[in-house]
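Reader: I am new to this structure and would like to understand its annotated domain and its charged side-chain pairs. May we go through them step by step?

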Amino acid sequence: MRALAVFDVDGVVADVRHRLRHIANRPKDWAAFFAAADRDPALADGVELVHEFTRDHDLVWLTGRPEHLRVVTERWFARHGLPAGRLLMRPAHDRRPARDYKADRLHGLAADRTIAVVVDDDPDVVRRLKRDGFPVRLADWVPHEKTLRQAQERDGRT
């Protein structure tokens, strides 16, 4: 059985910067933010890294995107030539910080499989996962926006 390569979506392979304006101020327009997910440009560095790891590893997508975006996300992967892999998405009413949500899911994955790498753009997630002993790589090819950090860590929405 091959080891797992675990990748985040937003900020790793999908560029969400064009839709951050919807959640930059109050009231936050989460509906518009998520509705624009199908228009995210692909991030070449992340896409290349996914292809590199999937040569020798099984792919798991671990995203804070809500479950209702599953079909949109799967179509986005296909449109950008990304392998489907196993897609783990945030349940509808789970508002934990991304670091807690992702650590919990990874501990579940690690119970059955070896995790070779976790790639995430959120420095808080990376710190937590390193502390928990996971092999983590920070996706630093796009600056981590304050608005996105708040959505991931304070609002528990992505």
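Author: Helices and strands here are DSSP runs, a helix having at least four residues and a strand at least two. The model is a predicted one.

Reader: Which residues does the UniProt domain annotation cover, and how far apart are the end C-alpha atoms of that stretch?

Author: The unreviewed UniProt entry records "domain: Polynucleotide kinase PNKP phosphatase" over residues 5–135. Over residues 5–135 the chain is 37% helix and 18% strand.

Reader: Which strand holds R65, the salt-bridge partner of D10?

Author: The side chains of D10 and R65 form a salt bridge at 2.7 Å, N to O. This pair links distant parts of the chain, 55 residues apart: D10 lies in the loop between β1 (4–7) and α1 (30–35), while R65 belongs to strand β2 (residues 58–66). Both residues, D10 and R65, are buried. The strand that holds R65 is β2.

Reader: Which residues are linked with D10 and R65 in a network of salt bridges?

Author: Side chains of opposite charge can pair when their charged atoms come close. The network contains D10 and R65, together with R19 and D40.

Conventions. Residues are numbered from 1 along each chain as its sequence is written. This is a predicted model: local features need pLDDT of at least 70, side-chain atom pairs count only at pLDDT 80 or more; totals for chains, interfaces and linings use all residues. Side-chain values use heavy atoms; hydrogens and water are left out. UniProt positions are given in the numbering used here, feature names are shortened, and annotations may be inferred rather than shown by experiment. A salt bridge is a side-chain nitrogen of Lys or Arg within 4 Å of a carboxyl oxygen of Asp or Glu. Buried means under 20% relative accessible area, exposed over 50%, partly exposed in between (1.4 Å probe, protein chains only).
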